[in-house]
Each structure stands twice: as structure tokens, then as C-alpha cells.
Amino acid sequence: MKKYAILIFVTIISLSLMTSCKKDHGDPPVLPPAKSMSIDFSNFQSGRKGDVSISIPKGTQNSNWEFAASAALLWNAIVYTTLAVPVYSFQVAIDQKAVYIDDKTWQWTGNATLLNVTYKARLTGQITASNVVWKMYITKEGTGGYTDFLWFEGTSELNAAAGQWKLYESQQNPVEIVKIDWTVAGSNLGSVKYTYTKAGNAFANSSIEYGLTTSQLNAYYTIYYYNAQYEQFFDMNVQWNSTLHNGKVKCLKFFGTSDYYCWDGNYLNVTCQ
């Protein structure tokens with residue numbers, strides 16, 4: 001009987017210590033939303049209206065929408081080519097269960113497959129007194145593989161209401177290429193701003209900010225970019241309705257006025273009301 005009592009006592013103590021250790025770790029940090037790295041370009045993809053394919057008759061005047069789309073698609077190309085692997089890997093990793101490592105640091109791991117290539121993603125988040133420090137390491141399998149390349153890093157507020165990412169170009173050329181500043185409004189994305197930070201080319205310091213509002217034209221871009229055709233930087237403001245797809249754009253250097261130029265739900269030029 002005495003042996004059983006000792007065994008029960010030891011078991012209770014062990015469980016208490018395990019529980020205590022688990023509680024000492026606290027909860028994992030609040031993850032930045034997946035959309036903190038994403039900008040919605042769907043309304044400006046040629047031949048599409050949101051998720052629906054459309055056909056614009058030849059000779060139809062849709063130059064207002066086309067001008068807005070030309071600038072947006074420059075950024076679309078960067079996001080979905082150079083940054084496709086780290087952005088997708090982040091989305092995969094944050095869907096996994098967090099594991100505590102040490103020093104107030106948690107880790108998420110997952111496998112992402114793009115173009116038949118598998119990448120192992122390892123995201124860490126360290127809680128500090130003022131923010132959370134994030135690091136994403138990518139391992140590529142197969143030919144030309146590499147291990148634990150730090151593809152991006154950043155910080156976020158403790159409640160994940162805002163933050164910043166810094167993304168590096170590639171394992172072969174690990175220089176910063178894009179900085180992303182993001183905010184959250186309530187339970188929704190507030191804004192995402194990409195700034196091209198890689199030096200040595202005309203596009204350096206270009207930026208695009210995307211956000212959602214409660215206005216009738218509820219989505220917007222604020223774009224500052226180098227237009228190679230005109231060999232100068234353009235400032236643009238674009239607003240559109242994410243459901244109806246109508247919108248407007250203004251750019252003083254392109255149009256010669258500070259007026260808005262509009263398109264309807266079929267992307268056709270219309271007079272602004």
C-alpha cells in the first residue's frame with residue numbers, strides 16, 4: 001500500500017511539473033495574417049474581371065483601366081515570380097501547429113510545393129517586450145538545393161495589428177529586394193505597402209500601397225513607380241469597387257491634369273460622375 005501511495009505521489013508531482021513547464025511557455029505569438037504579404041491584383045489582370053473571364057471588343061476604348069492595370073501588373077510580376085516561393089511558404093507554414101523552442105521563441109514548419117519543387121519552410125517567432133521578431137528559413141530539395149536560407153524576416157506588434165517584412169531576392173543573391181509595411185483594421189486587412197528597395201536599377205524606391213475602405217469604391221492603390229516608356233517616376237491614385245469592378249485613376253504626369261479618369265464594370269471608359 002505504501003508503494004502505491006509513493007507511486008501516486010510521484011505521478012502527481014511529475015504531472016504538476018509538466019503542467020507548470022507548459023504554462024511557463026505561455027501562448028505562441030499572434031501570427032501576422034497571410035494577407036500581410038499579398039496584394040489583390042485580380043481586377044487588373046488582362047482578360048479578367050475579378051474571377052470571371054471577359055472579352056473586350058477590338059477598338060473599344062478602355063484606356064483608363066489599361067493605364068491603371070499597366071502599373072499594377074509591374075508589381076504583380078514581382079510578387080508572383082521573385083517572391084512566389086517565400087510568400088506561398090509563409091501561407092503554408094502559418095497553417096501548422098506552433099512548437100515551442102526556447103527563449104520565448106516558437107516555430108511553425110511546413111512543406112510547400114511549387115512547379116514540382118518542394119520547399120521546407122521554417123518560421124520562427126520570438127516574443128520580446130515590445131514586439132514579435134519573425135524569421136522565415138527555406139530549404140529547397142533536389143537539384144540546386146540549399147538549407148535554411150533566411151528568405152525574409154520582420155517584426156509585428158504583439159497583437160499583430162501592424163508590422164513590417166523584409167524579403168531577400170534569392171539564395172544566390174541574398175540582398176533585400178522588397179520591404180512590406182502592413183496594418184490590420186479590426187478583423188480585416190487594413191493596408192499592405194510594397195517598397196522596392198534593391199538598389200542599382202531605375203525601379204528602386206518604387207512603391208505600391210493596397211488597402212480596403214468602406215467607400216463605394218472600396219479598394220485602392222497608391223502607386224509611385226518608374227515608367228520606363230516616359231523615363232520618369234509617376235504618382236498614381238487608383239480606386240475601384242471590388243465587386244462591381246468599376247473604378248477611376250488619376251496621374252498628373254500622364255493625363256496632364258489632376259482629374260480622375262473612370263471606367264465602368266466592363267472596364268470601358270466613362271465620364272466620371
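Leaving aside neighbours within four places in sequence, F44 is in contact with W65, A68, A69, A72, L73, Y221, V238, W240 and W263. Contact here means heavy atoms within 4.5 Å. The model is predicted: local features need pLDDT of at least 70, side-chain atom pairs count only at pLDDT 80 or more, and totals for chains, interfaces and linings use all residues. Residues are numbered from 1 along each chain as its sequence is written, and side-chain values use heavy atoms, with hydrogens and water left out.

## Nonpolar core

F44 belongs to the largest nonpolar core, which has 61 residues. A nonpolar core is a set of buried Ala, Val, Leu, Ile, Met, Phe, Trp, Tyr and Cys residues joined through side-chain atoms within 4.5 Å. Buried means under 20% relative accessible area, exposed means over 50%, and partly exposed lies in between (1.4 Å probe, protein chains only). The members that touch the most others are F44, W165, Y194, Y221, M236, V238 and W263. Helix α2, residues 63-79, gives the most to this core, with nine residues. Helices (H or I, at least four residues) and strands (E, at least two) are DSSP runs, numbered from the N terminus.

W75 lies in helix α2. How large is the relative accessible area of W75? The value is 0%, so W75 counts as buried. Beyond its neighbours within four places in sequence, W75 is in contact with F41, Y194, T195, Y196, F203, S206, S207 and I208. F41 and W75 are 34 residues apart along the chain, and their C-alpha atoms are separated by 8.9 Å.

Two strands pair if DSSP finds at least two bridges between them. Strand β12 (residues 219-227) and strand β13 (residues 232-240) pair in the antiparallel sense over nine bridges. Within this pairing, N227 has Q232 of β13 as its bridge partner. The two strands form a hairpin with four residues between them. Which residue in that turn has a positive phi? E231 does, at about 55 degrees.

Strand β13 also pairs with strand β14 (residues 247-250). These two run antiparallel and are joined by four bridges. N237 stands opposite K250 in β14. The hairpin of β13 and β14 has six residues between the strands. In this hairpin, H245 takes a positive phi near 75 degrees.

## Disulfide

How many disulfides does a search of the whole structure find? It finds one. A disulfide is taken as a pair of cysteine sulfur atoms within 2.5 Å. C262 is joined to C272, with an S to S distance of 1.9 Å. The link of C262 and C272 is right-handed, with 115 degrees about the S-S bond. C262 sits in strand β15 (residues 261-263), while C272 sits in the segment after β16 (269-270), 10 residues apart.

The accessibility of the two ends can be stated separately. C262 is buried, because its relative accessible area is 9%. C272 has 28%, so C272 is partly exposed. Another cysteine, C251, is buried at 2% relative accessible area.

## Salt bridges

Side chains of opposite charge can pair when their charged atoms come close. A salt bridge is a side-chain nitrogen of Lys or Arg within 4 Å of a carboxyl oxygen of Asp or Glu. A search of the whole structure finds four salt bridges. The table gives some of them.

| D148 | R122 | 3.0 Å |

D148 forms its salt bridge with R122. This pair links distant parts of the chain: D148 is in strand β7 (residues 146-156) and R122 is in strand β5 (residues 117-127), 26 residues apart. D148 is partly exposed at 36% relative accessible area. R122 is partly exposed at 22%.

E153 is in strand β7 and K135 is in strand β6 (residues 132-140), 18 residues apart. E153 has 21% relative accessibility, so E153 counts as partly exposed. K135 is also partly exposed, with 26%.

At 22% relative accessibility, K198 counts as partly exposed.
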